[in-house]
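Please read the following report alongside the sequence and the coordinates. It treats strands, nonpolar cores and salt bridges in turn.

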Amino acid sequence: MDVLQGTLDMLVLRTLVMAPMHGYGIAKAIRSSSEDALDIEFGSLYPALKRLELRGWIASKWETSERNRRAKFYRLTPAGRKQLAREHSEWAELVNAIGRVMGPLPGGSES
Amino acid sequence: MSLWRRLLYLWPPHRRAVEQDMQEELRALQEVAESRELGNLTLAAENARSVWEWDWLESIMADLRYAVRVLWKSPAFTIVSVLSLALGIGANTAVFSVVHGVLLRPLPYPQPNQLMLVAQQASHSDITIPEFEFWKKNSSSFASAAGERGAGDLTLSVGDKREAITAMTVTADLFRTLGVQPALGREFDEKETRPGGPQAIVLSDSLWRRFFDADPEVLGRIVTLNDARFTVVGVLPPAFWYPQAADAFVPLRPTGSASDLGANTGMIARLKPGVTRQQAEAEMGALTEAFRRANPDAGREYRGLTLVPYQDSLVGDVRLNLLLMFGAVGLLLMIACSNLASLFLARLETRQREIAVRLALGSGRSRLLRQFLIENMFLGLAGSLVGLLGAYWLLSGLLALIPFHLPASQPIRLDMPVLMFTLAIGLCTALVFSLAPLLTSSRIDIHDTLKSGGRLSGAGPARQRTRNVLVVSEVALSVTLLVAAGLLIQSLYRLHQEPLGFKPEGLITFWTPLTAEPARNPADRRNFEVTLLERLHAVPGVHSVAAINLLPLTTQGNFPAQRENHPENSIGGMEIRIVTQAYFETMGTPVLRGRQFGVRDTALAPPVILVNETVARAWWPNGNPLGDRLVIGLYEGKDYGKQAPREVVGVVGDTKSLRLKAPPRPTIYIPIEQALAYDYDLSWVIRADRSARSVDQIRQVVAQVDPRQRVARLRTMDEVVAANTTDSRFDAWLSGIFAGLALVLTAIGVYGLLSFSVARRTSEIGTRMALGASPGSILNLVLKQGTTLVAIGLVLGLGGALALTRSLSSLLYGVRPNDWATFVAVSIVLLLVGCIAGYLPARRATKIDPMVALRYE
């Protein structure tokens, strides 16, 4: 399944709520928490990280990982947390609205 | 926040650090993950970069680099464009500095727009003392008003210290009117500007520092000016500027005599806040009748006073001279601009292949247009910069050459507004000369161009049309400049043809101002004059020597006189010239009737007088003036300081008065022996061989007679005459040079156009020749193309010139702005230049080898 345009940023912010992660870790986390439904390519995730960083919603720092490897870890900033809350409620509203429009399909139309 | 971070990326070191950090991060990730899972990291990095990169800015930078490379590769084109732009922009910048400094910069007084010159309704000239006093008292539109009467050279002395200074004569309230507060003390009060009141002086800041060592206790000190004692009452602030350079100010006081009635006082008024010039003029007009009642002498034709904005009154004729200059350089820039546009079009034609390749490779059309615009902007900027350097030199030359007085309150230089102007015209020029070509290049057929090897394309004809329009407009602009130059040069010629009424060749002249101290009494004065005359005459090589109070073309007088018992024969403003016996002989002015002054006309002999032709014609149109009598100081029977009647003993030829452009004024001559009642400075004229015209020798002789006597304005009479034509000479030269440059540029334009057209039509011409066209008919074909364009431009230009030269009429002399001979001459010159410029390409066309030309395709 492809990720809807513009929702990738939100997914990244949501994922970083748990703990700081490095770039590849974020991709893996999204994949696993969506039970492999969302297969985010790193090539499109990485520019999103840079965009969020530029806006000041996430920050990065070089750290040593559990397997004693150096990697760049991203964490949520207070501004990012606020942004996530905003996007989260907008998202919930949108899903609700779309759900109301779509509803269950009338019987007999199934092919 | 985010913008700030993005701006940081523009800083190369930061950018390098970020890039390095990113590479490191991606490398580190490769160690924790499978490379298959990460995908294309190069693309990821590329996309990440685009997050912070400044797309448009970077692509513009890329375009700019490309532009520099392209221009660098065609140095001839680049140098020609930059230099011609620099020439045009430099000239415009230099002239604009002057225009800005003189016409645009407001006067350095508070609310300068409220300052008005109060002047005569008809002539805009100075007013009389009764007029000044009446309107100052009765007009309710003025917050304040003051009068001034020009500058005088005086000797300032305190103890042994002395200095020659220039002092302005002004009434009370002058500084209040201008809105200037003296730094020390005060300005003149009513008492000091009344006849017989205490004498006072206000010092300029520089005189106070120079002569009084900035003494703070200077107020109340008594100083001597010539031989009168003055009390220092004020010192002006250092930043104070007055239109006429003055070291000090002394009170202008009415004398109660005839000189009050001379139109010799300039009146400056400050309007009350909120009062417009129209309202004030209406109110002043309403007072005219009351003034006429109170001063019946003013006469029936008296029309009252008017207001002229003070800055306009200071600028006066200079405005037109400057605008002429500005217009000329502006036209020149436009011609240079169309030449460049034409050049650019030609270049576009040769870059056809490059353009097509770029289009084929997917470059957007707008991107391509932007590329050209950037190239041209780059040329425009380079032209501005080089032009600015040129303007720096041009301006100093211009300021040294401009013969008219520039009333600029601050030094004229390349300051901020001028720099902005230069930048603006540089970019505008680039825009203009890009616009025409770009509009025609929007249709480029990639396939055709690539197939044909980049030589021909569908946009060709449109471009050729644009180039035709450019050449036509160049011709039209040149015509305007040439006509203006032709008229101004003719004016100068006419001015030189003007009969002077004397022979300036071989004459040397100098002036002995009355500043020697102690002042000579009348007997000493006579003694000095007689001795100096004798000594000068004794110098070997001197043929004759004379002296006069008002040397022609330097000063003029203004006295009333009347024919005795004929009040209808009165003239209000006459020149009274006091001369020594040999004056007419020395000057070479003919005595037409009667006799000149001789030894018998002593102080005790019956008073005699000579009149010039103008007076003789006016008062004795058919009769004989000899033996008739004149009364100086009488006007229409009224007494303005009447003197004893004088008998007319001769009529002399007219001579020019103050200005070469003006007809001779009514003039009467009286012998110096009978002029003891007058105050005068003398100018001396010496007719001598070249060897005797030594400046040092003359100074020596004067020093021998009186070592304290100052000698000034020592020069030849030819120089005096030349000084009177400097404005016209400057205008004629300047417009002539500009017109010449315009002509050269236009010739280049025509030549370029035809050369290019011949190159484009090589195969066509080859075909024609193969089919039997003679070289003559080919020559004709090309020349006709050129002359047609020139003729169209000529018609447009002549029309434009007709409309524009009318505004030059006050600069012209002896020639009308629509002088047909000038228009015809200009047309012939331009057609000739068009033919000459077209001949070379036309001849090249006849040399085309049909075989080669046909294979060319």
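The report below begins with conventions and then describes selected parts of the model.

This is a predicted model, in which local features need pLDDT of at least 70 and side-chain atom pairs count only at pLDDT 80 or more, whereas totals for chains, interfaces and linings use all residues. Residues are numbered from 1 along each chain as its sequence is written, chains are lettered from A and ligands numbered from 1 in the order in which they are written, and side-chain values use heavy atoms, with hydrogens and water left out.

**Strands**

Helices (H or I, at least four residues) and strands (E, at least two) are DSSP runs, numbered from the N terminus, and two strands are taken to pair if DSSP finds at least two bridges between them. In chain A, three strands form an open sheet in the order S1-S3-S2, with antiparallel pairing; its edge strands, each pairing on one side only, are S1 (21-22) and S2 (58-64). Seven bridges connect S2(A) with S3 (residues 70-76) of chain A, and A:Thr64 stands opposite A:Arg70 in S3(A). Helix H3 (residues 42-55) of chain A packs on this sheet, touching S2 and S3 of chain A, and its direction makes about 55 degrees with that of S3(A). Here contact means heavy atoms within 4.5 Å, while axes are lines fitted to C-alpha atoms, for helices over the stretch in contact, and angles run from 0 to 180 degrees between N-to-C directions.

In chain B, strand S11 (residues 507-512) is mostly covered, six of its six residues being buried, where buried means under 20% relative accessible area, exposed over 50% and partly exposed in between (1.4 Å probe, protein chains only). One side of S11(B) carries B:Leu507, B:Thr509 and B:Trp511, the other B:Ile508, B:Phe510 and B:Thr512, and both faces are covered. S11(B) runs antiparallel to strand S22 (residues 682-688) of chain B, with six bridges between them, and B:Thr512 stands opposite B:Leu682 in S22(B). Three bridges join S11(B) to strand S23 (residues 712-716) of chain B, again antiparallel, and there the bridge partner of B:Trp511 is B:Ala712.

**Nonpolar cores**

A nonpolar core is a set of buried Ala, Val, Leu, Ile, Met, Phe, Trp, Tyr and Cys residues joined through side-chain atoms within 4.5 Å. The largest has 72 residues, and those with the most contacts inside it are B:Val98, B:Val102, B:Leu322 and B:Leu406. Among the elements that give two or more residues to this core are helices H6 (75-104), H12 (317-350) and H14 (365-401) of chain B. Not counting residues up to four places away in sequence, B:Leu406 touches residues including B:Val98, B:Val102 and B:Leu322. A second, separate core of 41 residues includes B:Val542 and B:Ala688.

**Salt bridges**

| Pair | Closest N to O distance |
|---|---|
| B:Arg49 and B:Glu46 | 3.1 Å |
| B:Lys656 and B:Glu498 | 3.3 Å |

B:Arg49 and B:Glu46 are three residues apart in helix H4 (residues 41-52) of chain B, and therefore separated by about one helical turn. B:Arg49 counts as buried at 17% relative accessibility, whereas B:Glu46 is partly exposed at 43%. B:Lys656 and B:Glu498 lie 158 residues apart and link distant parts of the chain; B:Lys656 is buried, with a relative accessible area of 2%, and B:Glu498 is partly exposed at 22%. Salt bridges that share partners also join A:Lys50, A:Glu53 and B:Glu25 into one network.

Notes. Salt bridge = Lys/Arg side-chain N within 4 Å of Asp/Glu carboxyl O.
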